[in-house]
Amino acid sequence: MSDSMNPSGIDTGVPDVTRTLDSSGPGTATQHERPDSSNGLATTIVKSWKAPIGFAVFTLIALVLFVILGRDGDSTFTLSADSDLIQLPDITVAARLTGIIVTVLMAVITVVAFLRVRADRRVPLWLTALLGVLFLFAFLTWVDAGASLPVQVPGLLVGMVSLSVPLIFGAMGGVISERVGVVNVAIEGQLLGGAFVAAVVASITQQPLLGLVAAAVAGAAVSFVLAAFAIKYLVDQVIVGVVLNVLVIGLTNFLYSQVLSKNAELLNSPPRFDRINIPILSEIPIIGPTLFRQTIIVYLMYIAVAAVYFALFHTRWGLRVRAVGEHPQAADTVGINVNSTRFWNVLLAGAITGFGGAYFTLGSVGAFNKEMTAGAGYIALAAVIFGQWDPIRATLAALLFGFASNLQNALGIIGSPVPSEFMLMLPYLLTIFAVAGLVGRSRGPAASGRPYIKS
Amino acid sequence: MKLELRGITKRFGSLIANDHIDLVVKPGEIHALLGENGAGKSTLMNVLYGLYQADDGEILLDDEVQHFAGPGDAMNAGIGMVHQHFMLIPVFTVAENVMLGHEQTKGLGRLDLAAARARVREIGSQFGFDVDPDALVEDLPVGVQQRVEIIKALSRDAKVLVFDEPTAVLTPQETDELMVIMGQLRDAGTSIVFITHKLREVREIADRITIIRLGKVVGEAEPTATNAELASLMVGRSVELTVHKEHSEPGEAALIVKDLSVVDAVGQLVVNSVSFEVHHGEILAIAGVQGNGQTELSEAIIGLQDDVRGTIILDGKSLVGLSVSKVLDAGVGFVPEDRNVDGLVGEFTIAENLMLDRSDNEPFVKRGTLQLSYLNTFAEEKAKEFDVRSQGIQTPVGRLSGGNQQKVVLARELSRDLRLFLAAQPTRGIDVGSIEFVHKRIVETRDAGVPVIVVSTELDEVTALADRIAVMYRGSIVGIVPGNTSRDVLGLMMTGEVPAEITTTDSIEGALL
């Protein structure tokens, strides 16, 4: 990656001292070495106490939950399944002691964060991540204390990937669409449309691959409506997106109850994709079962993320897409057709999101249900913003949300002391905190959401 | 390449922006297109560049008729444009901006950035600009951004280069450098169209001058023509180019600003520890290139900035932290720099706009009810006094010309009892006749004993009006100098330097020396 090619494309402007979640992601180091005086203005630090205060709240929760309400007994973490070639030993820890140690460590991190902010320095992202991992570890230990079943780490991770697939496809669609300048609120509708059409087509043809293709077409069809109204008729993009979501929900509900459920055998029993184990890679402990024993849709997702990243930042297509989303008039004056670039790329975004929809019916569930996407599109949208319009970071954000969703499943198996309704809320709670709290002000494509009208 | 426009006509609805315009630009000449704001210069160039389609007429390059469906066609035919508002993508590097639209690629469709960098360096070295191809455009000073625009046009082998008001955003020094570059380009055989309303520049660099008024070509002139000749052609009558102003008799210090800093949302000190005083009966001009903190400084005084540190004291009363309405009540009159965004409501009538900032009490409002008859009398009177030309006081302000809109703003602000008058870019985008009027009113306000601050990026305006001049650069005041300071010194100060022979002063005594 060369210095000139800015991998994120968005995180480059004025040194942003308020950002708490700073990019310590790949390739951004060079940007921060630029002197602050690049545009000649002295800066004063606007102190952001968000991070240390957030840390303190979590430390307090840890203190109450793991120490004061601490549970005695041992907790076991299983790292390998029986079928794995390489067996890792189980890890067993004493729950209360772990809780105390973790709480102390979290308190130390919180103090460090306070001191850093007081000294006008940033709280680095890895510190936030470390705190999160520590808290999570202590939480799982606390939940599992004295339980007969161990915490299945591979199961947790496999479930995370599984729940993240539609989010990641949706986020890719969101990234492309927003980068080209059209806010894509319709991800939810594209996912649901894709799921529905994939189920029907795959059931009739008994060909899951045809279902997959049909899902992409369905996603693009939803996008077509968005593009037509937003670009051609200049209707507010957010409103069109929301209306489309409601429309697709209504349409699929209607067709499901009137058509699908009456002919379930013919129309709603699609063959599912088989899992394909990648030789050697699938035998790596923990990583293998998580990433390389998946269906073709998941492998397609890996390719999609890599391709979107490469294409967006290293090809002519990507340069033009970003130009149109940042400064459409400038793009126009160098001979790029702004509206057709937008139109086709919004369609492309819909098609990619459609694949994610197919995963519901052809990958995980195996049949279409009413409103089965359950807000995944909105979480994908949050992942786009949390990931700062960067495909890689949006993917990581989607994985985080996927993990939060899966935690509830995993805890249900162990027998959690936390009510399952609360855990169900977790991914949405995390979404709100991530978007509102931690990101602070992140800068998206400058012209996103604004129609281009030639005067 | 020879460029010829024949009978170009462009209408927007009932408005004829260009009316049968003919223009011939020969290879290796700089052809100035001179006209007031709104005369139709930019429309003409947008037609030439393929952004607009002409309703009538044709464009010829080397005597061949061209048809441009869009800017891409115009570029391919050899026309390049340096836009007034740069068409650069701020978050892209120089090389990316230059390659955009005609990208070279290598294996796997990867962008060939190395080739683009080499192209930037090649063109840069040809004309002696040193532009880092890997710098982000938003980090570059405006003058350098303009060079990127030039490189961008040249990288596509432009034979006809259009400069649309290129000096509006430059310091005098940068302007001089641009003139040198334009000369070099001309000598290399490029045909140059230079759009401007600044007479000095035209006379300095142009080989031929075409003057446009109200969408029509009204004449040609030689560069040897005098300012007065050019101005009268441009405006259509003889105009007064100098401001008549008596020697000022400043009184007590009325406004005292001390260690004022303004912090923007991302923590930058956009105004950095600024101190100055304004006395009764004097005009303090705040000069500087656009974007050096003048906007934020004036917004801080009026109460529009959130994070203001330091003191602002007007007649013994602190203004820091007061709401805008309290500041207005304290007697501050404010002409914002963009009247269409901050000064007026375009859909409202002249009368309604005249009472915008006095909508909560008498005499315009009694017991929550608008006093329409009073308002109408008031508006009729003010429209007459300030020479607002319209079809009556019920005309929506948006339909007025820029000059008449500005008169409405002025009428509203000057019809209150003022303790301070703050005018930001008071003559931006208005016609010469209105400029004369606005300047006259500003001087009258001063003579009435009101302290006046004029924020302006136009050096001519600054030197014409000011009793003292504060020059801002990157958020700080470089120095405060007497009103008769030479343009060269001011130009240097606008780049942040203080010439050794100049002693800057903040005291009245110094200014009167």
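This is a predicted model: local features need pLDDT of at least 70, side-chain atom pairs count only at pLDDT 80 or more; totals for chains, interfaces and linings use all residues.
View 1. Residues are numbered from 1 along each chain as its sequence is written, and chains are lettered from A and ligands numbered from 1 in the order in which they are written. Helix α6 (residues 187-205) and helix α7 (residues 208-232) of chain A pack at an angle of about 145°, with their axes 7 Å apart; axes are lines fitted to C-alpha atoms, for helices over the stretch in contact, and angles run from 0 to 180 degrees between N-to-C directions.

**View 2. Helix α6 of chain B has a buried side.** Helices (H or I, at least four residues) and strands (E, at least two) are DSSP runs, numbered from the N terminus. Spanning residues 172-187, α6(B) has 16 residues and reaches 23 Å from its first C-alpha to its last, close to the 22 Å expected at 1.5 Å a residue, the expected span being 1.5 Å times one less than the number of residues. Its buried residues are B:Glu174, B:Thr175, B:Leu178, B:Met182, B:Leu185 and B:Arg186, and they lie on the same side of α6(B) because they cover an arc of only 120° around the axis, taken from the directions from the helix axis to the C-beta atoms. A residue is buried if 20 or more other C-beta atoms lie within 10 Å of its own, exposed if 12 or fewer, and partly exposed in between. The face turned away from the buried side carries the exposed residues B:Val180 and B:Asp187. Among the elements covering the buried residues are β3 (30-35), α5 (142-154) and β9 (160-164) of chain B.

**View 3. Four strands of chain B form an open antiparallel sheet.** The strand order is β2-β1-β4-β5, and two strands pair if DSSP finds at least two bridges between them. The edge strands, β2 (15-25) and β5 (64-66), each pair on one side only. Between β1 (residues 3-12) and β4 (residues 56-61) there are 5 bridges, and B:Thr9 has B:Asp56 in β4(B) as its bridge partner.

How values were computed
Two residues are in contact if their C-beta atoms, placed from the backbone, lie within 7 Å.
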